[in-house]
Amino acid sequence: MAQQNTILRRAAVIALVGPEATGKSTLAYELQNWLAPLVNVRIVHVGKPPATWLTYPMHLILPLLKVLLPGCRTSRMKGYAPSAPPAATLCSEMAPQMEKIRWSTLINAWWSLCVAWERRQLLKQSHKAALNNTFIICDRYASNRPGLLDSARLTVNTEAKGWLISIYNRLARLEHNIYRQIPPPDVVLQLSVSFETAILRNRERIKAAKEGDEYMRNRRRDAQDWNRMGNERVFHIDTDAGLDITREKAIQVLEKVLYGRG
């Protein structure tokens, strides 16, 4: 297998998406081990993008803001809070009425904008790396459907009036615009698993601040609606059968779509 023989004529950006406990992180490392002996490859975690020089100051002052403004719920913006609500509820929360808007709402909106910027930068760098013959495996990927996890979180409120809501709406439009600028991945492996299996896997995981069953149910519903405009190479893989079979299915898909095999 050689990079120059891919159908794309370059390395690829491969996205692994799906609900919690479908095995995205585990499969990412399995695919990295499969590709590593023959090509340059690395994994990026889109759910936890690194800070940029532009957003780093916000990371520094965030602990203080969370103390001063308890209404800040920045972990929900990132999409991995143990008690995160359904996407529709979160969107409703993030579209404040004039009489309800608070400074904490603006801080949440600004943080959401920072995360959007970090994701865009990470994924643009990933596509640039692919052009330079480095395969990128993305653990999660930004969707173009507002309200879903790893996607735009803010909703523009055109009915309310006032300068605070005007600032909020400007931040919301900027956030949506940033997500629209994210290029689609070359290949998407959309993983799924039965809810019963997902619950069992999650309970067996050793993880700080582990997500509860309700979070798993909400995340499952949101992740099933994943979509990225401009991407048609989406392949659904059921991971109920276990890692070995899932790995073989994923490799078969990649060999076919990238190298025309099988």
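This is a predicted model: local features need pLDDT of at least 70, side-chain atom pairs count only at pLDDT 80 or more; totals for chains, interfaces and linings use all residues.
**View 1. Helices α2 and α5 cross in a left-handed way.** Helix α2 covers residues 56–68 and helix α5 covers residues 103–131; they pack at an angle of about 150°, with their axes 12 Å apart. Angles over 145 degrees count as roughly antiparallel, so that's the label for α2 and α5.

**View 2. Here's who does the touching between α2 and α5.** On the α2 side, look for Met58, His59, Leu62 and Leu65. From α5 come Ile107, Trp110, Trp111, Cys114 and Glu118. Sort these contact residues by type and you get 7 nonpolar, 1 polar and 1 charged.

**View 3. Asp150 and Arg119 pair up in a salt bridge.** Side chains of opposite charge can pair when their charged atoms come close. In this pair, the N to O distance is 3.2 Å. Asp150 sits in the loop between β3 (134–139) and α6 (163–180), while Arg119 belongs to helix α5, so the bridge ties together parts 31 residues apart in sequence. Buried or exposed, what are Asp150 and Arg119? Both are buried.

**View 4. Glu30, Arg247 and Glu248 join into one salt-bridge network.** Arg247 bridges to Glu30, with the closest N and O atoms 3.2 Å apart. That pair links distant parts of the chain: Arg247 is in helix α9 (residues 243–259) and Glu30 is in helix α1 (residues 24–35), 217 residues apart. Arg247 also meets Glu248 in a salt bridge (3.0 Å, N to O). Arg247 is partly exposed, at 22% relative accessible area, Glu30 is partly exposed at 22%, and Glu248 counts as partly exposed at 38%. In total, the structure holds 5 salt bridges.

Definitions and conventions
Residues are numbered from 1 along each chain as its sequence is written. Side-chain values use heavy atoms; hydrogens and water are left out. Axes are lines fitted to C-alpha atoms, for helices over the stretch in contact, and angles run from 0 to 180 degrees between N-to-C directions. Helices (H or I, at least four residues) and strands (E, at least two) are DSSP runs, numbered from the N terminus. Angles under 35 degrees count as roughly parallel, over 145 as roughly antiparallel, 65 to 115 as roughly perpendicular and the rest as oblique. A crossing is left-handed if the near helix is turned anticlockwise from the far one by less than a right angle, and right-handed if clockwise. Contact means heavy atoms within 4.5 Å. Ala, Val, Leu, Ile, Met, Phe, Trp, Tyr, Cys and Pro count as nonpolar, Asp, Glu, Lys and Arg as charged, and the others, Gly among them, as polar. A salt bridge is a side-chain nitrogen of Lys or Arg within 4 Å of a carboxyl oxygen of Asp or Glu. Buried means under 20% relative accessible area, exposed over 50%, partly exposed in between (1.4 Å probe, protein chains only).
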